[in-house]
Amino acid sequence: MKSPAARPTWVTGAVGAVVLAVAAALLVAVGPRGAGAAPADTASGHRWITDRQGRALVLRGLSTASSTKGAPDGMPWIEEKDVARERRELGTNFVRFLLQWRKVEPSPGTYDRTYLRQVAERVRWYGKRGHHVLLDMHQDLYGPRVGGNGAPAWATGTDGLTSAPTDPWELGYVEPGTVRAFDRFWGTVEGDGRDLRKHYVGALREVARHFAADDAVIGYDLMNEPWGGSVQGPAFESGPLARLYQDAIDAIRTVDRDHWLFVEPSAIGSNWGFATGLPRLDDPRGDGDAARIAYAPHLYPLPMDLGGGYTGSTKAQVDRSLRAWRDQTEKTARRLGAPVVIGEFGLDVGLPGAMEYVEKVQRMADDMGAGFAYWSNDPGTWAPWDAKLRPTRLLPVLDRPAPLAVAGDPVAYRWDAKRKALTVSWRGTEGVRGGTEVRLPARHFPRGGRAQGGEAASWDPKSRILTLTSGPGTHSVRITPHA
Ligand code: 9MR
């Protein structure tokens, strides 16, 4: 489905002015971009991430966790019981798990195996419950030495420049020490930065070596919200960023042939619905269906990035951003030949209209056939649980009927809350094992679901999963609550 390219209307004020300047520069620099020419192999026009049985995965989950960033041991706040609760209360099958370069490689060329084992323990907590784990090499504002998180101090070159704390935190990206650290990393100033990038790629390869045989892992997110320092827009994305990604992909493939490699565009611009200059990347596994590169952009419409809710005139601006975001994401995914996962979206659930917004993004993800990881699972005002782990108003909104795995190529799926009906249609394909699994939350399906469409169904009340068994051909199933 095509949507008109939107031109966001900008907010004013100090933050707005900075953002406006960057955005205007990007708009001029990027311009309209045509769709790539990868063939569509499903009705939704892009490829799917599949499980070991060949079923298309509809990935639904949260990021775990922001608390990782400042934790001395680099571990998120969770214990195993929190993972169990999340699965029980939300039925998630996906988690974006944050890693920190500073923990993987605490001194140059030395990898911390204890840290990787601690990560592996948490990956097991998720894997045991059917979650697919995306290991995310996270950074914000480069690293702790310049007020952010991610990079180790030894890899942070500031040339004596400093970074002051800012509010909102994103403005830290233009603090002198942070810009210089990125410029040193990308090789824009003061030497070519090759060593730092080599270390970064080496750290990613080490993570992949550790998890290559781990079936709970779905893949690696190569860099969170890349920032070009003083080089922005397509010059950054099709230059140093694309080169780093290609080097990382090539290096990871020497130790791990199978897991997916998730790439993000530069956050600035793309998060709001502007085009990205990220080019197609090569997977040494091969072209077409052999390649396993996924596209994982973040979604933070600008008015909301600046603290606005989903109400009044802001709502219309956000809606235009969403349309533009979807349009650009689909174009880029076709160019990359990649499935789409919304790597992050989220907001303070107390903002006016916040729940309507979350519902709208989930519907958009369903229509796009995209996975998502809501930001984040840290107890508090953005999460489905508050500081005391009591449900917030977000929990019932995220606890939504959806297929988790589809036995073939998904054509469409949609939850109609008014009619209390979940429809799922797909084309059965040869070689796929297992049935289509649909999760039916107790709040909507207290006594399970009734499937109309001819497929044999079996219901597991504990996991609340209805499994539909079907063969080749096109299937269309409508599931309504049992009387
Ligand atoms: O929500 C996070 C906030 O508490 C931190 O101060 C900030 C800086 O580390 O990061 C926020 O999380 C961001 C994530 O790391 C990257 N994408 C946007 C998220 C929300 O701002």
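Reader: Helices (H or I, at least four residues) and strands (E, at least two) are DSSP runs, numbered from the N terminus. With that settled, where does Ser376 lie?

Author: In this predicted model, Ser376 belongs to the loop that runs between β9 (371–374) and α12 (394–398).

Reader: What kind of peptide bond joins Trp375 and Ser376, cis or trans?

Author: That bond is cis, with omega at about 0°. Trp375 is also one of the residues surrounding the ligand.

Reader: Which other peptide bond is cis, with omega near 0°?

Author: The bond from Asp167 to Pro168 has that geometry. Pro168 sits in the loop between β4 (132–138) and α5 (176–186).

Reader: Let us turn to the ligand. Which residues surround the ligand?

Author: The surrounding residues are Ser66, Lys69, His138, Asp140, Asn149, Trp169, Asn224, Glu225, Tyr300, Glu344, Trp375 and Trp382. By class, this shell comprises four nonpolar, four polar and four charged residues.

Reader: How far is a polar side-chain atom of Glu344 from a nitrogen atom of the ligand?

Author: The separation is 2.5 Å. Glu225 likewise places a polar side-chain atom 2.7 Å from a ligand nitrogen atom.

Reader: Which pocket corresponds to the space taken by the ligand?

Author: That space is the largest pocket.

Reader: On to annotation. What does UniProt list for residues 400–477?

Author: An unreviewed UniProt entry gives "domain: Glycoside hydrolase family 5 C-terminal" for residues 400–477. In the model, this stretch is 56% strand and 0% helix, and its end C-alpha atoms are 17 Å apart.

Reader: Which UniProt annotation covers residues 53–379?

Author: The annotation is "domain: Glycoside hydrolase family", again from an unreviewed entry. Over residues 53–379 the chain is 39% helix and 13% strand, with 35 Å between the end C-alpha atoms.

Definitions and conventions:
Residues are numbered from 1 along each chain as its sequence is written. This is a predicted model: local features need pLDDT of at least 70, side-chain atom pairs count only at pLDDT 80 or more; totals for chains, interfaces and linings use all residues. Side-chain values use heavy atoms; hydrogens and water are left out. A residue is near a molecule or strand if one of its heavy atoms lies within 4 Å of it. A polar contact is a pair of N or O atoms within 3.5 Å; within protein, one must be able to donate a hydrogen and the other to accept it, and residues adjacent in sequence count only if both atoms are side-chain atoms. On a 1 Å grid over the protein atoms alone, a cavity is a set of points where a 1.4 Å probe fits but cannot get out, and a pocket is an open set with protein on both sides within 12 Å along at least five of seven lines; lining residues have an atom within 4 Å of a point. A molecule sits in a cavity or pocket if more than half of its atoms lie within 2 Å of its grid points. Ala, Val, Leu, Ile, Met, Phe, Trp, Tyr, Cys and Pro count as nonpolar, Asp, Glu, Lys and Arg as charged, and the others, Gly among them, as polar. UniProt positions are given in the numbering used here, feature names are shortened, and annotations may be inferred rather than shown by experiment.
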